[in-house]
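Here is a short briefing on charged pairs and a metal site. Keep the sequence and the 3D view open as you read.

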Amino acid sequence: MGIVLGIESSCDETAAALVTTDRRIVAQRIASQDEAHAPYGGVVPEIAARAHAEKLVPMIEAVMADGALELHDLDAVAATAGPGLIGGVMVGLVSAKALAMASNVPLIAINHLEGHALSPRLADPELGFPYALLLVSGGHCQILRVDGVGQYRRLATTIDDALGEAFDKTAKILGLGYPGGPTVERLAREGNAKAVPLPRPLVGSGEPHFSFAGLKSAVLRAKESGRYQDPDIAASFQQAAEDCVIDRLRIALDTIEPVPALVAAGGVAANQAIRQALEHLASERNMRFVAPPLSLCTDNAAMIAWAGCERLESTDFHADPLDIAARPRWPLDPEAEPVRGAGYKA
Ligand code: KG4
Ligand code: ZN
């Protein structure tokens with residue numbers, strides 16, 4: 001059994017966690033910067049980097065104290081090395097390098113998306129490879145086939161916005177708080193999902209990619225028309241998002257050999273309506289549906305520590321060099337072709 005310290009600082013959550021290779025979260029702390037970014041309706045990179053720099057070291061000390069561990073008890077230090085806001089990623093990665101050097105243990109540079117992709121296996125010991133993964137967060141929106149640690153095949157991505165971004169922008173249009181996902185979800189419960197006619201971009205097209213820019217503009221027009229109640233706009237938006245996700249997944253799943261499980265991860269996987277729709281799709285296809293608990297869906301360090309555990313346990317394990325660089329972009333599937341669209345996301 002090994003124990004790994006995980007560090008996450010790629011966006012607006014500063015987090016540290018200790019996780020064992022037998023799936024025990026020994027300690028974890030997380031500090032959200034929501035309040036600092038709220039006035040801007042989105043994450044401001046400079047504010048984020050400064051906050052990570054201030055909070056991270058005391059947080060690591062606190063997590064080590066929570067777990068009653070010393071540095072020499074660690075088997076590895078894992079940190080997000082990208083993709084993300086480069087200032088924040090550097091803060092976390094540099095701290096991890098220093099700790100790995102000081103305690104003479106391997107440094108494991110984790111792809112943040114790999115953290116999300118493997119997080120369901122931390123929560124569910126029964127989940128084996130392969131599985132189909134819907135990875136939906138503020139910065140990413142992909143469907144992947146996961147064949148093993150380090151083996152990811154991208155089946156679909158977004159040609160413009162990520163789904164979480166669409167939730168955040170809808171929240172901004174409706175004057176709700178940041179982050180938008182939870183606030184839109186709450187308001188949607190009071191609304192009629194059929195009240196506002198909204199588009200389902202790319203639904204009906206043969207390719208499994210996502211697009212949400214047109215949906216966001218339609219939400220803006222609906223709001224500006226003054227004809228609809230905010231809860232109805234929120235509910236109709238969420239329904240459109242859900243319909244897009246299910247339609248795109250159907251197409252993506254048809255492109256691969258059947259896999260036993262449909263897995264959702266990333267911040268938007270915390271959405272109950274979307275979870276229910278996914279559960280329905282999975283049962284229709286005789287697949288098991290797996291989604292981690294809400295606390296493991298949004299950014300956290302336990303998933304980074306766990307990805308470190310998975311790497312540590314893999315047969316071809318090697319530590320990363322201490323001069324490894326932080327990467328603003330880092331696709332999980334480097335072979336995947338860029339798709340048409342203005343804002344290609346890795
Ligand atoms: O995974 P995450 O914490 O950070 C990224 O790696 O991006 O995802 C954050 C995103 C935000 O866009 C947030 O609005 C969205 O996940 N989100 C939700 C919900 N909770 C968080 N979206 C829809 N419904 C939710 N309940
Ligand atoms: Zn994330």
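**Buried residues, a zinc site and salt bridges**

His116 and Asp299 are both buried (buried means under 20% relative accessible area, exposed over 50%, partly exposed in between, with a 1.4 Å probe and protein chains only). This is a predicted model, where local features need pLDDT of at least 70, side-chain atom pairs count only at pLDDT 80 or more, and totals for chains, interfaces and linings use all residues. Residues are numbered from 1 along each chain as its sequence is written, chains are lettered from A and ligands numbered from 1 in the order written, and side-chain values use heavy atoms, leaving out hydrogens and water.

**The zinc site**

- His112 (NE2), His116 (NE2) and Asp299 (OD) coordinate the zinc ion (ligand 2) at 2.0 to 2.1 Å.
- Donors are N, O and S atoms within 2.8 Å of the metal (3.2 Å for Na, K and Ca); water is not among the atoms, so sites may look incomplete.
- Along the chain, the donors of the zinc ion (ligand 2) follow the spacing H-x3-H-x182-D.
- Helices (H or I, at least four residues) and strands (E, at least two) are DSSP runs, numbered from the N terminus.
- The site of the zinc ion (ligand 2) is irregular, with angles of 94 to 146° among its 4 donor atoms.
- Four donors count as tetrahedral if all angles lie between 85 and 135 degrees; four count as square planar and six as octahedral if opposite donors are over 155 degrees apart and all others between 65 and 115; anything else is irregular.

**Salt bridges**

- A salt bridge is a side-chain nitrogen of Lys or Arg within 4 Å of a carboxyl oxygen of Asp or Glu.
- By this rule there are 14 salt bridges.
- One of them joins Glu310 and Arg121, with the closest N and O atoms 2.7 Å apart.
- This pair links distant parts of the chain: Glu310 lies in helix H11 (residues 302–313), Arg121 in helix H4 (residues 112–123), 189 residues apart.
- Glu310 is buried, at 7% relative accessible area.
- Arg121 is buried too, at 11%.
- Arg248 and Asp247 also meet in a salt bridge, 2.7 Å from N to O.
- Arg248 is buried, with a relative accessible area of 1%.

- Lys216 forms a salt bridge with Asp161, the closest N and O atoms being 3.2 Å apart.
- Lys216 sits in helix H7 (residues 213–225), and Asp161 in the loop between strand S8 (151–156) and helix H5 (163–173), 55 residues apart.
- Asp161 is buried, at 8% relative accessible area.
- Salt bridges with shared partners join Asp161, Glu165, Lys169 and Lys216 into one network.
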